[in-house]
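Take a look at the assembly below. The questions that follow go through contacts, folds and backbone geometry.

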Amino acid sequence: MARKTARITALLCENSGWKAYVDAAAEGVEASRLLQDLDAVKLPCSGKVEVGLILKLLENGSAGVLVLGCPKDNCTFIRGNYRAEKRVGAAKAALREAGLDEGLVRLDFLSSLDSRKLIDAVVSFKGYIDDHSRS
Amino acid sequence: MSTLTMDGLKAGSRLEKILARGHFAVTAELGPPKSADAAVIAAKAGHLRGNVDAANITDNQTAIVRMSSIAAGLLAMKEGIEPIIQITCRDRNRIAIQSDVLGAYALGICNILCLTGDHQKFGNHPTSKNVFDMDSIQLIAMLACMRDQKKFACGDEIRNSKKAPVVEPRILIGGAENPFGDPLEFRAIRLAKKVEAGADFIQTQCIYDMERFAEFMRQVRARGLHEKVKILAGVTPLKSAGMAKYMRDSVAGLSVPDSYIERMDRAADKPAEGIKICIEQIQALREIEGVAGIHIMAIEWEEKVAEIVKGAGLWPRPEPDGEPGVRS
Amino acid sequence: MITAVRKPFAEIAGMLEGSGKVLILGCGTCVTVCMAGGEKEVAILASTLRLANQKDGREMQIAEATIERQCDREFFDSVRDAVVQADVVLSLACGVGVQFLGEVFPDKAVLPGLDTKFYGAAVEQGVWAERCSGCGTCVIGEYGGVCPVTRCSKSLLNGPCGGSQKGKCEVDPQNIDCGWQLIYDRMKALGQLDRLEAVKPIKDWSTGRHGGPGKIVKEEALL
Amino acid sequence: MIGVFVCSCGRRSADAWLEKVGAAVAVKHFFGHAGLCGPDGLRLIREKSKKHKLGRLLLAGCAALQSEALIKNAAKAAGVASGAVFPVLFPRRSSPAVAARMIRQATTGLQLLPVFESRRVALRNEVLVLGGGPAGTEAARQVAAFGYPTTITEPHVLESLTGGVGNFSARLRGEGGAATRAFGAVVIASDGTAGAASSAFRGLVPLADLEGHIEGLARRDKPRSAALILDLEIDETKASTAEALRVALALRARYRIELTILLRHVRVSSLGLEKRYDEAREAGITFVKYDGAPRIAASPEGISIACTDGVAGEDVEISVGIAAVSPHGLHAPAERALGEAAGIGLDGYGRLQENNIHLLPDQTNRLGVFVVGPCRGEFDGETILRDARAAALAVHQLLSQKELEVELSHPVVDGDKCVLCLTCIRSCPFKAMRIFAEETRADCSPEACRRCGICVGECPAKAIELPAYADRIVLARAGE
């Protein structure tokens, strides 16, 4: 299961995070290079995220899981991002229980237009993971 | 069907005689120590002796472990205080309680106050298991059955063997009432149930809100309960403004009028003001029809009971015939 | 339904210390509904354990399965092999299921993964509250449909204690309604307050837990 | 058969790059092209699809390949359903190894991805209007004018509203008991109720009274500044933002005082509100979007408010002569029962429309159920009538289609695993989940469902799967 480089997984709401990712990927060399270390997974809504999925990804070797959903009250599906917040909270609790750093999973909210924020979120999360990597 | 003693009394205790003869009764509270130190009882009894007709010996009050109420009651009796043993339903089932009642009576105790008991959550063993085999009303009924039917709760006669004599515990049975608990409308009904179950006297939770208590007594009189049971109104002297506020804000079912809190705030000598308020309250309570006595709960302040009793004009206490606490 | 919550992870990890092959067995009935021991919870616990084991370098094989009910023998058939292969089975069923699992597989070490709480109802999504104590002689009919044995913290049958304030129980005013306030309100609404005036005798507790482990035999159902 | 089409446009030595990618991916049908989104690219897709009988297409390249139109065209060219075409996005200048890895992950996902069929769902033409006030009457009049059989009734007779768009079942209480009737669309136009006042904070005045207070003070000692604080007790609604803007603009115009509006969220998703917000900013009104709870204290000068500015991320403290809190009368607990019966979400004040920027003024969480007027927090007479007409038009736009084409990509429920715990039914934002009695399991209505997958995330039995995002597909895409 062990991987050579610390790859992180991004679970992206297709209405916000995914769109911002698409824009960011087209933006510039630096951003592109950054996004190459990311396994970007499109989800219909951040509310689709399951606690078990987050843990499974970490268990299978992902160095960290970044969930990106729409800003509050801006969810295409009304309540999905609120649900994501609860589930990420539960995943963090499970990580604490396992004696791991709860920071291995992170939730951010951003707009589909905010590719800059996406890059910032990824840079910040990658930085954190590099400092707190399990291996 | 009550069997009465020769002088028409059920238990013949000093308290019963005081009440039966129409005196305004005075009882107080004597909390057993949180240790095996008998000297504590002696000291507290010294403050009460001659100033009260009987003293309640609390039963692990607020679920904090203390010397057993029967043992402490016996010690108090030796100090010349007639005990009113409190029994709660929290820690003992019907077997243990009946056994204790037999023992208490055999030791000369003849007043028992029946309580449900504070939940163990509030005490020093919050993880313990409670019993609540019965509630206080059922406890009253069980004691009345033991005394009057001469039977245990199971229906067996109270005798050692078929040939042995029936020796039932002849106990004066008390109950408690919080006139300010919710649902308010149920309070008088609940008191009526205690009377129906066989309560001879009732001691109330401490009263500060005179208006609400007067309303409660109106409901009691409307049901004619004051003629069937002797009601002793509870008072607790305030030691400080802080205590007054604590009672108002943190004790369930207690309302302390702002006027008392203001007086305590303003007073230079707060304890003296608290005693003064308490005396005024007793005088006001005496005026209410159906109030047969006063129950002074001077929490860890027993030394002030004499001052209160004297200040309220209730001293000296009348001396009914016979010795205190000894059956006649 | 029977309600339960998952045991603290540290307690579970402690119980499994030294086990080589662990089967986490979920139950698909009550504890799935109350979100404590269904397939999803099994997966979450399994992943959490594996992550903890990875971190601490523990060798432990963790298998997952969930069956319909752990309180009926036949449902265990589908996981027989998995149970046999495991050194220890951590059951995410209620206490009934854990024990029954042990009865079906007497040679197998079984451990409870849940703390079983009470018979309750989902008062809202995510909130379950106790409604029955299984006393064996239901008295709800005398109290307007509200059980004093369960809803009153002291199981009082003749009325509220002094700790009833503004409809709440002093034992936990934030979370517990005064059962007697509920009874009073309901009886008042039904116009039956007079039924509360009679002194109720001491209850026979022998029909429930206090009579020893209960057993029901329905004669005509016996084969 | 899966065909992988890789675009190499804008790359130096494109052929060598393609060759390396192709070698690393190692799939049978691999085609490179510079400019896949152009006409030549589509031609390549058409030819190769035909020749190799490709059923699924993976288009890998830049963001241009993500466009819906392009996917549709490619699908058409290949003669497959849109769902069978899956784009893969390369970050710019990705190395052959990165590109190949991304393609492999996507191919695995695509192999697992089902192709969905569609179903046509007939839309009934009967319309139910709940509410006989100005809003309801106007909506009903307009709907009827479009030619739809319209029933208008008081809102409280609604016991429940099941089913979904085009085929709702409304249980209506009548004199002879309740009866169930079918409708294609529903307009809720209850008059709403004046709610309870929000609890007053010491030293603060309610927003509704602010003008009067300032007027009173103006005669003696006019305050130089005022603050309007929203979202203090709960996250408020656009109705509260609208009211704050109205009051602030009026005060600014009349008294020329400094005005600050403090709120957690600027909510302007209502007709004209965005414009009024801009006007307010142009008029010099300051907006502070705060995080957490503001600390409010009386000071000798008036009132001081300290909070964390959520945008700048720093602590700010302002002192004002007078401050007002949320408008009274917005809290409407009475709508709760109607919301529950109709399955319509509520905002923080209990009004009939959730706080969500994606909902148009007349839209609700349920497709085919519209809401107008006071019950959603709109009290302005003109706006109410305009909303009622807009809702009628929306009903017409929906029902005039006669039928909806619905892709059957909705969540599927495993009857063996479902324990009818009701979690999905309670948590679906769109009321798309229901009990399928014949099989004693939950079931999803494909026409009401919006494919968000929230139910999947909630189900404690793992009985629900959103086929396009099944766990194995998600894990494949994550490179597992």
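Q: How many residues of chain C are in contact with chain D, and which element of chain C gives the most?
A: This is a predicted model; local features need pLDDT of at least 70, side-chain atom pairs count only at pLDDT 80 or more, and totals for chains, interfaces and linings use all residues. Contact means that the C-beta atoms of two residues, placed from the backbone, lie within 7 Å. Ten residues of chain C meet ten residues of chain D. Two elements of chain C, α2 (30–33) and α3 (39–56), each supply at least two residues of this side, and the one that gives the most, with three residues, is α3(C).

Q: By class, what residues make up the side of chain C that touches chain D?
A: Residues are numbered from 1 along each chain as its sequence is written, while chains are lettered from A and ligands numbered from 1 in the order in which they are written. Ala, Val, Leu, Ile, Met, Phe, Trp, Tyr, Cys and Pro count as nonpolar, Asp, Glu, Lys and Arg as charged, and the others, Gly among them, as polar. On that basis, the side of chain C has two nonpolar, five polar and three charged residues.

Q: Of the four pairs of chains in contact, which share the most contacts?
A: In one pair, 33 residues of chain D are in contact with 32 residues of chain A. The side of chain D holds 14 nonpolar, eleven polar and eight charged residues. Of the four pairs in contact, the one with the most contacts is chains A and D.

Q: Which elements of chain D give two or more residues to the side that touches chain A?
A: Helices (H or I, at least four residues) and strands (E, at least two) are DSSP runs, numbered from the N terminus. Chain D puts 33 residues into its contact with chain A. The elements that give two or more of them are α12 (454–458) and α13 (471–477).

Q: How far apart are the nearest C-alpha atoms of chain B and chain D?
A: Chain B does not touch chain A; their nearest C-alpha atoms are 25 Å apart. Chain B does not touch chain D either, and here the nearest C-alpha atoms are apart by 21 Å.

Q: Why is chain B described as being as compact as a globular protein of its length?
A: Chain B has eleven helices and eight strands. The radius of gyration is taken over C-alpha atoms, and the globule rule is 2.2 Å times the number of residues to the power 0.38. For 328 residues the rule gives 20 Å, so chain B is as compact as a globular protein of that length, with a close value of 19 Å.

Q: What percentage of the residues in chain B are buried?
A: A residue is buried if 20 or more other C-beta atoms lie within 10 Å of its own, exposed if 12 or fewer, and partly exposed in between; C-beta atoms are placed from the backbone. Among contacts in chain B between residues at least 6 apart in sequence, 78% join residues at least 24 apart. Of its 328 residues, the buried part is 52%.

Q: Over which residues of chain B is the pLDDT below 50?
A: pLDDT is the predictor's confidence in each residue, from 0 to 100. Chain B has a mean of 93, and 95% of its residues reach 70 or more. One stretch falls below 50, yet has 14 contacts in the model beyond near neighbours in sequence: residues 323–328.

Q: Which prolines of chain B follow a cis peptide bond?
A: Most peptide bonds are trans. B:Asp182 and B:Pro183 are joined by a cis bond with omega of about -15°, and B:Pro183 sits in the loop between β5 (172–177) and α6 (184–197). The bond from B:Trp315 is also cis, with omega near 0°. The prolines are B:Pro183 and B:Pro316.

Q: Is D:Arg451, with its positive phi, buried or exposed?
A: Most residues other than glycine have a negative phi. D:Thr440 has a positive phi of about 35° and is exposed, with 11 other C-beta atoms within 10 Å. D:Arg451 has a phi of about 65° and lies in the loop between β23 and α12 of chain D. With 20 other C-beta atoms within 10 Å, D:Arg451 is buried.
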